[in-house]
Amino acid sequence: MKNTIYREKLIHRYKNPKNYGTMGGFDKKSFSHNPYCGDEIEVFVKIENKKISDIKWIGEGCVISQVATSWLVGRLKNKKVEHISNITKEDVLDMFNCRINLAREKCALLSLKVIKKLLNAGN
Amino acid sequence: MDIKNKFPVFDKNPGLVYLDNAATTQCPEMVLETVEKYYKSKANIHRGFYSQAVEATKKYEQSRKVVAELISAKPKETIFTSGTTESLNNIARMLESDLNSEDNIVITIAEHHANFIPWQQLSDRVGCELRVVGLDDGYKIDLDSANEKIDKNTKLVSFSFVSNTLGITFPVEKLISLANEVGAYTVLDSAQAMTSKEVNVKKLGVDFLAFSGHKLFGPTGVGVMYVKEGVLEKIEPVKFGGSMVKKINKNKANWTKLPHKFEAGTPNISGALGLGKAVKFVENIRQNKIASHQRYLNKYLVNKLQEVDGIKVLRPVEKSLESGITSFVVENIHPHDIAEFLAENTICVRAGHHCAMPLMDKLGVNGTIRVSISIYNNKNDIDKLVQNIKLIQRKFY
């Protein structure tokens, strides 16, 4: 079972996402929607002294898109804004510890795309 | 009937549960042999004088004859294309000069993009209105809506025989009749109907018909555009090149005879030969037997799915409209997650919008899981599918 996306750890994360919710008094927010499959994510950030002092998100969609977001948002909390530039698509895909189908990569990378745009980082 | 042993894919993949036949069907050995045989003695057609070329030409035209007979058409009305999509796009281009901004085109909300976008694009180019017939609450094509939308300015009515998503049979005869009353062209997307319906263009009286070889156990990259003889004589080709010209000088060209006038370039010869063989395969089994098997298993599938909490089957109220295609959604689990989990267990279904986004909007879903049954499926396949859906539900709920 360790090579399946649908193992207990990831499903638990999907059902109990971290840093989930809206944010009042945010500095920036960004929304993205994949019309192909209906995955959507909205991310809110508070930035103080070039640091992501708070980051939260809401969304709906498949396990891959939502778990990737939960993981990525967790990685960025309390980090410098520029840290997002260090996170690559391979980092996101590797997080799952199993092969992500080429057809599902877009799901996994939706949040990386949204957050890079939000923080004005390159692709 | 033990038909599975005729399909090599099941030898090579024991345990495979292939339920994505609306996407493509598997090829029986006889089709694969035909394609391979052509490539072992390959030649182009309608050109060479040597034996391989003559043989290839003869077989190609024989295949055309077989395919034409399947739909009760004449060979000259049966034009090989790369598939349904090319056929429908060609038809849209060929009829363009016949339309003006006062006209309207009528399609339905349940069309595949291949039978939606060409008409949307055509109406944009010409500046005419595109009218879309809806579905009623019972997932049936709304004939009242059709009656209202098809009027004296309707130039063309295009619709499917069977929905690739809901599996419903469209009221084909009625729609053709409404179109005929106003003198509109009729275009029938028959892609999903070829193994399970009697598709007789003469009885239907349709002007154009399109289907793909790979959906009736044939190879990919080949299909048919049928054009009724009376219409054929009036329209011009939209694809130009070799094989379709009678004489050309530096100023102008004129076209060769039908159907080659509409078959520019080297066609998918192996595909056409494979399609001819696939048609023979279907005729040996008999379409009504395939249809009956699909409906029987589909009913079994739907009943099983409806027994499971959290599954909503998008089933027409009128059961007689059902074919071998069924869509459903599972509460709180994304269709892609269902399909991926099934794939991990060698069960092949399709999840998503099925190239029918307008229909998804109408249904209020982002996507569905689609199961499409064919001749080599059996109750074990359905049981395994349902068992695995229950498994993934247990993980999520």
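How many nonpolar, polar and charged residues has the lining of the second largest pocket? That lining has five nonpolar, six polar and six charged residues. Ala, Val, Leu, Ile, Met, Phe, Trp, Tyr, Cys and Pro count as nonpolar, Asp, Glu, Lys and Arg as charged, and the others, Gly among them, as polar.

This is a predicted model: local features need pLDDT of at least 70, side-chain atom pairs count only at pLDDT 80 or more, and totals for chains, interfaces and linings use all residues. Residues are numbered from 1 along each chain as written, chains are lettered from A and ligands numbered from 1 in written order, and side-chain values use heavy atoms, without hydrogens and water.

A pocket is an open set of points on a 1 Å grid over the protein atoms alone, where a 1.4 Å probe fits, with protein on both sides within 12 Å along at least five of seven lines; lining residues have an atom within 4 Å of a point. Grid points are joined across faces, edges and corners, and a volume is the space filled by probe spheres set on them.

| Pocket | Volume | Top contributor to lining |
|---|---|---|
| Largest | about 880 Å³ | α12(B), four residues |

Helices (H or I, at least four residues) and strands (E, at least two) are DSSP runs, numbered from the N terminus. The 17 residues lining the second largest pocket include B:K59 and B:Q62, which are among those nearest its centre. Helix α3 (residues 51-70) of chain B also packs on the sheet, touching β2, β7 and β8 of chain B (contact: heavy atoms within 4.5 Å).

Note on methods
Axes fitted to C-alpha atoms, helices over the stretch in contact; angles between N-to-C directions.
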